[in-house]
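Let's work through some exercises together. Have the viewer open, try each task yourself, and then read the solution.

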Amino acid sequence: MSPTQWDFPVELCCRPMAFVTLTGLDVVYNAVHRAVWDAFCANRRADRVPISFKVLPGDHEYPKCRTKRTSYEWYIPKGILKTGWMNKHLNLVPALVVVFYELDWDEPQWKEKQSECATRVEIVRQSLQGRNTKVAVVLIQKKTPLPPGEDVVASERAAALCNACDLSGKSLFVLPHTDHLVGYIIRLENAFYEHAQTYYYTEIRRVKSHKEFLNKTTHQLLFVRHQFKIAFFSELKQDTQNALNLYGAQSHEQLSTSSIPIEICRLCFQHNTPLDAIAQFRKHIDLCKKKIGSAELAFEHAAWMSKQFQAFGDLFDEAIKLGLTAIQTQNPGFYYQQAAYYAQERKQLAIVLCNHDSSVSYPNPDPLETQTGVLDFYGQRSWRQGILSFDLSDPEKEKVGILALQLKEKNVPHSELIITLLSNAVAQFKKYKCPRMKSHLMVQMGEEYYYAKDYTKALKLLDYVMCEYRSEGWWTLLTSILTTALKCSYLMAHLKDYITYSLELLGRASTLKEDQKSRIEKNLIKVLMNESPDPEPDCDASAVKASQKLWTDRISLAGSNIFTIEVQDFVPFVQCKAKFLAPSFHVDVPVEFDIYLKADCPHPIRFSKLCVGFNNQEYNQYCVVEEAYQKSDVLEYSSQGPVCLVPGKTRKFTFKFVAKSEDVGKKIEITSVDLILGTETGRCVILNWHGGGGDAASSQEALQAARSFKRQPKLPDNEVHWDSLTIQANTMIISRVPNISVQLQHEPPALNNEMYCLIVTVQSHEKTVAKDVKLTAGLKPGQDANLTQKTHVTLNGTEICDDSYPALLPDIPVGDLQPGEKLEKAVYIRCGTVGTRMFLVYVSYLISTAVEDKEIICKCHRDETVTIETVFPFDVAVKFVSSKFEHLDRVFADIPFLLMTDILSASPWALTIINSQLQLSASMVPVDQLESYVENVVLQTGESASECFCLRCPSVTNVQGGVATGRYVISWKRSSAVESVPVVCTVITLPHVIVESIPLHVNADLPSFGRVRESLPVRYHLQNKTSLVQDVEISVEPSDAFMFSGLKQMRLRILPGTQQDMLYNFYPLMAGYQQLPSLNIILLRIPNFTNQLLRRFIPTHIFVKPQGRQADDTSIAAA
């Protein structure tokens, strides 16, 4: 039997579908036939009926039907199921043969065509003689047929054709070749499917009829055969539930020798009952896993078990692709893994059982050969086919057959089978996010590649897995993998890989014994001395011999002998930690740092060089330790050696250098630490740590050390605990500490728009001259952009800054400062808006100093910041009042009114009002001369100064929003400011006022006071402000405090723009603030003109003095 004997039949690995053959189609030369065939088989969707189509010629010879047995009385079966039976019904014996023929209903040569079609049908029937296969005819027509019953000719000719071909009307179909071809094809498929189901139903009944002749005592195998055939025909009929019941009805003892359990699992998955499939498979495996059979062929059982698990994994995976959902704990990967496990067991058994001497030759003739090349029945030996008993009638023949199987098994590529299965499992575990299972299986794959002597692939897989085991700290597993990787690199003579794995196997992560580490260390030294290492243990002898030749070639080749190994990706036998002594250093102080090294190898080892690399490579030259020694002295310990490491002891190397002045404000970072093992005359290995040291295990060890409460033992003063050391790989270079003082003098808060004076006093306390002193002053950067636009700084305080001045004055040169010298500088700041601002004063200078006997020029600086609040200097209130000092919300054209301003000081410092100016708009005119009444007035905090201006607004047209009044300009400065400080002008925009016209203006002339029983003359002036003649009715209402003479009621007419005067003599009767007789005026042309409006212009009360007072007493104005 072939090595692939355990492969499942193709027929069991696919879904059985009804087999239909198509004849009469020329798919090569006829485009119409090709289109029809493509419509049948191309891009078949899942919703189309399950049919397997095949194009065959009309005279194709189908398998002959054997004569059916009528009695099984003396029949002894030779096996359960023939190996070709399933394939015969899937691919050879059709359920339906369809004859395609091009024939239209209006064909002129109808008789000849009909006869030809009938002949083709008869040929098909002859080739199917003895079988129940259905026959159908499809007429390919060019025209679309009319609906049934409308075409009389078609009906007649269809009946005639059916009669000539001996077909029923249900077996004749018409296929119009039109644009809707696919739709017609789908309808044809459905009809074909019904015919096929009828055929398989007939076959099921035929097989069932045979069971009546069987005897359960002697025909047990025939019962299994017929049951299987019925179930298989049910599957072809797509009655999968019945097929599942039939398969499951047979006892497991009967099924164990066949592939029916896998078929049951496939149907369970198809019915979307995965738990039933898994349970069925477990039951099947539990029954079969101990039925090993012949001990000499035990590997066959392992192969069979492996194939069972692989087949189930394939079924499971296929079901997932069709929509089944799997989970982490139940996915196909576990079954592929188990299949790989049995494949490994098969390999081990084959090594033991097939370990024949080379003198043993393969038997001749071959006992595994058969006449047909295949077995007649499933589950039988080729040298005893048809024998169902296990009695070995010919032991010698049995022995030869077993020998042939063993010799064939010896040549099976077991590792290749195992790797394929493991690869499938890895893909599944990766899909379902099981990283540790994936890593575990990848290790097994790497080992199988090693056994298969494919060392390159083995190293690739093992390298990938090592990273995960390092990061998780699985040191025992890592050591095992590294050991295998070291063997691979040795057998391939890969120098760098061999050195890398040796370095790690010597390290603290390795769990090897000391003697093993010593051997590896000596081999490493041999490689560094350009010698061949000793072979690794347990390697294949032939592979070792080939590798020794490769190592010899490596020695003779004049290639590059310098290898750089990046340490951060693995765990070498040397640990490194770099630590700056401080997080920052002043530029005038030497930068100091320590490099700590610790070796974990079995023996002391000497390195040739230690060098440190920085981000500024100019410092690299100051941080090198180098030792010259003979290459044979690598393992010779000398306490005098600069770079000699003793296992378990921490070695400290201290370095010191002077930073460059241009690195002030920058980080100095250790970018690499290189430890060089070996010499240039042999081979040289550079262990490279990125940054300040550390490797793949450092972070995990640091975390464990931080969580540990274990007390550290006391060490001598010159030694330190390795775990207590932390890596400090960078430091900051900061400027030299300045030895100057900066003081700021000012009077806060600043007033809006004033030239605020900030006096900067700089005094040097240096011992030498401070050179190139520069001052930077102004608004500190990084604040609101609006503040930057509204803040201006200058050194010239004699004029107001405009918007062209900057917010910060940088690098103002102020010369040199001698030791103890003091310098003052006035900075003037103008703040255009109120609010809080932060100002910066930054003084920098250069000074020469000596560091480690090296003269350097240091740039020092001192900065001071101050927060200054800016406030308004004063608040200005403006109001409009009448001549009676009553508030006005509007004024009347040509009627004088008063504008009053109040200046309230809001400054904590005294303010001097230099001048004030009222700048009127064109729509306003002054009644009196405009003069400032607050000139040179000094206002303390909270004090106010007021001014009053009499104005008049000429007649104007109605303006939306009122009439502009003008501007009020106040010129001021701090009282404490020096004479040169400019005056600040604050401009107040006066509010708009609503101006209305009045038809009649009345004003009165009367003394400022009266006296009891003395005459009080009062003259009223009535002025017509309109362009019309006004008829006016005037009446005077008496008052209890006065008698009067004059017209009490009168009517008069006032011409446009003219004035009428009315004179009255009032006689006071009582002293005090008395109400005057009321003057009432009615304008006949303007009814809505009210006396209330008049009372704004004429007095309503007057103060009356008692009788007998002197005339020159203090007067009281009429109100």
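This is a predicted model: local features need pLDDT of at least 70, side-chain atom pairs count only at pLDDT 80 or more; totals for chains, interfaces and linings use all residues.

**Exercise 1.** Find out in which helix of the chain confidence is lowest and in which it is highest.

*Solution.* Next, go to the helices. Confidence is lowest in helix H8 (residues 252-255), with a mean of 48, and highest in helix H14 (residues 414-431), at 94. Finally, look at residues 1111-1119, where pLDDT stays under 50. For this stretch the model has 20 contacts beyond four places in sequence.

**Exercise 2.** Classify the aromatic pair of Phe 269 and Phe 312 as stacked, tilted or edge-to-face.

*Solution.* The whole structure holds 43 aromatic pairs, and this is one of them. Step one is the distance: the ring centres are 5.4 Å apart. Step two is the angle: the planes stand at 45 degrees, so the pair is tilted. Step three is the location. Phe 269 belongs to helix H9 (residues 260-270) and Phe 312 to helix H11 (residues 298-321), so the pair ties together parts that are 43 residues apart in sequence.

Now check burial, for which the cut-off is under 20% relative accessible area. Phe 269 has 9%, so Phe 269 is buried. Phe 312 has 0%, so Phe 312 is buried too.

**Exercise 3.** Do the classification again for Phe 281 and Phe 309.

*Solution.* Here the centres are 5.1 Å apart and the planes make an angle of 85 degrees. Planes over 60 degrees apart count as edge-to-face, and that is the class of this pair. Phe 281 sits in helix H10 (residues 274-288) and Phe 309 in helix H11, so the pair links parts 28 residues apart in sequence. Phe 281 is buried at 1%, and Phe 309 is buried at 9%. To finish, step back: Phe 269, Phe 281, Phe 309 and Phe 312 belong to one aromatic cluster, which also includes Phe 316 and Tyr 335.

**Exercise 4.** Describe how helices H17 and H20 cross.

*Solution.* The axes of H17 (residues 475-492) and H20 (residues 541-556) come within 7 Å and cross at roughly 65 degrees. Then list the partners: Ser 489, Tyr 490, Leu 491 and Met 492 in H17 meet residues of H20, among them Val 544, Leu 550 and Trp 551. Sorted by class, the contact has seven nonpolar, three polar and one charged residues.

**Exercise 5.** Locate the largest nonpolar core.

*Solution.* This core has 178 residues; among those touching the most other members are Phe 573, Ile 595 and Leu 610. A second, separate core has 31 residues, including Leu 1022 and Tyr 1064.

Note on methods. Residues are numbered from 1 along each chain as its sequence is written. Side-chain values use heavy atoms; hydrogens and water are left out. A nonpolar core is a set of buried Ala, Val, Leu, Ile, Met, Phe, Trp, Tyr and Cys residues joined through side-chain atoms within 4.5 Å. Buried means under 20% relative accessible area, exposed over 50%, partly exposed in between (1.4 Å probe, protein chains only). Axes are lines fitted to C-alpha atoms, for helices over the stretch in contact, and angles run from 0 to 180 degrees between N-to-C directions. Helices (H or I, at least four residues) and strands (E, at least two) are DSSP runs, numbered from the N terminus. Contact means heavy atoms within 4.5 Å. Ala, Val, Leu, Ile, Met, Phe, Trp, Tyr, Cys and Pro count as nonpolar, Asp, Glu, Lys and Arg as charged, and the others, Gly among them, as polar. pLDDT is the predictor's confidence in each residue, from 0 to 100. Rings of Phe, Tyr and Trp (its six-membered ring) pair if their centres lie within 6.5 Å; planes under 30 degrees apart count as stacked, over 60 as edge-to-face and the rest as tilted.
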